[in-house]
Amino acid sequence: MHSSPGRPSAGLRHAAAQAGTVLRASLAPDLSIAVAWGTTISTLARSLTPGVVPGLQVVQMSGAGNTFSSGAEYAAGTLGRFGAALGARVHQFPVPAFFDRASARETVWGERSVQRVLALRSSLR
């Protein structure tokens, strides 16, 4: 599916709308869902039919960032759309997507704010 910059293709929008319908039908109160980020997920988030799911939590599954951009705004916007459409509490994963050294990753993973999200992620598997 080819998309122009800033505008997903019709095929991607259709697939995202269908995925949104399936996701919406799968949601239940007090559920936690894992969400990544990217063009497809962002398009899905934009297609969600608004409606509050009581106690729903949306957990970011992957870090956001690379050598060109922090990616944080993009990931936060995508997850924020899930939260707004579903009335969900969003848990950001405030780390880079990639690390140069394992020791840097271990240091970041040791932070309490990151540990909290890692625990949520583990509970979803």
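Helices here are DSSP runs of H or I with at least four residues, strands are E runs of at least two, and both are numbered from the N terminus. From the N terminus on, trace the order α-β-α-β-α-β-α-α.

A word on the model before you zoom in. It is a predicted model, in which local features need pLDDT of at least 70 and side-chain atom pairs count only at pLDDT 80 or more, while totals for chains, interfaces and linings use all residues. Residues are numbered from 1 along each chain as its sequence is written, and side-chain values use heavy atoms, with hydrogens and water left out.

The accessible surface of the protein chain is about 7,500 Å², and carbon and sulfur atoms account for 57% of that; the areas come from the Shrake-Rupley method with a 1.4 Å probe, and for residues only the protein chains shown count as cover. Of the 125 residues in the protein chain, 33% are buried. Buried means under 20% relative accessible area, exposed means over 50%, and partly exposed lies in between (1.4 Å probe, protein chains only). Contacts, meaning heavy atoms within 4.5 Å, can be sorted by sequence distance: among those between residues at least 6 apart in sequence, 74% join residues at least 24 apart.

Next, select Leu27, Leu48, Leu56, Val58, Phe82 and Leu86. These are the residues with the most contacts inside the largest nonpolar core, which has 16 residues. A nonpolar core is a set of buried Ala, Val, Leu, Ile, Met, Phe, Trp, Tyr and Cys residues joined through side-chain atoms within 4.5 Å. Color α1 (10-26), β1 (32-35), α2 (39-47) and α3 (72-86) to see the elements that give two or more residues to this core. The largest share, four residues, comes from α3. In soluble globular proteins, nonpolar side chains tend to be buried together.

Return to Leu56 and show its surroundings. Leaving aside neighbours within four places in sequence, Leu56 is in contact with Leu27, Asp30, Leu31, Ile33, Leu86, Ala88 and Arg89.

One of those partners, Asp30, is your next stop. Asp30 sits in the loop between α1 and β1, and its phi is near 65°, a positive value in a residue other than glycine. Most residues other than glycine have a negative phi. Is Asp30 buried or exposed? Asp30 counts as exposed because its relative accessibility is 66%.

The crossing is right-handed, which means that the near helix is turned clockwise from the far one by less than a right angle. Show side chains for Leu12, Arg13, Ala16, Ala17, Ala19, Gly20 and Leu23 in α1, which meet Thr39, Thr40, Thr43, Leu44 and Ser47 in α2.

Thr43, in helix α2, is buried because its relative accessible area is 7%. Not counting residues up to four places away in sequence, Thr43 touches Pro8, Leu12, Arg13 and Ala16. Thr39, also found in helix α2, is partly exposed at 47%. Beyond four places in sequence, Thr39 is in contact with Leu12 and Tyr74.

Finish on α1 with Gln18, which is partly exposed at 44% relative accessibility. Draw a C-alpha to C-alpha distance from Gln18 to Leu48: they are 30 residues apart in sequence and 9.7 Å apart in space.
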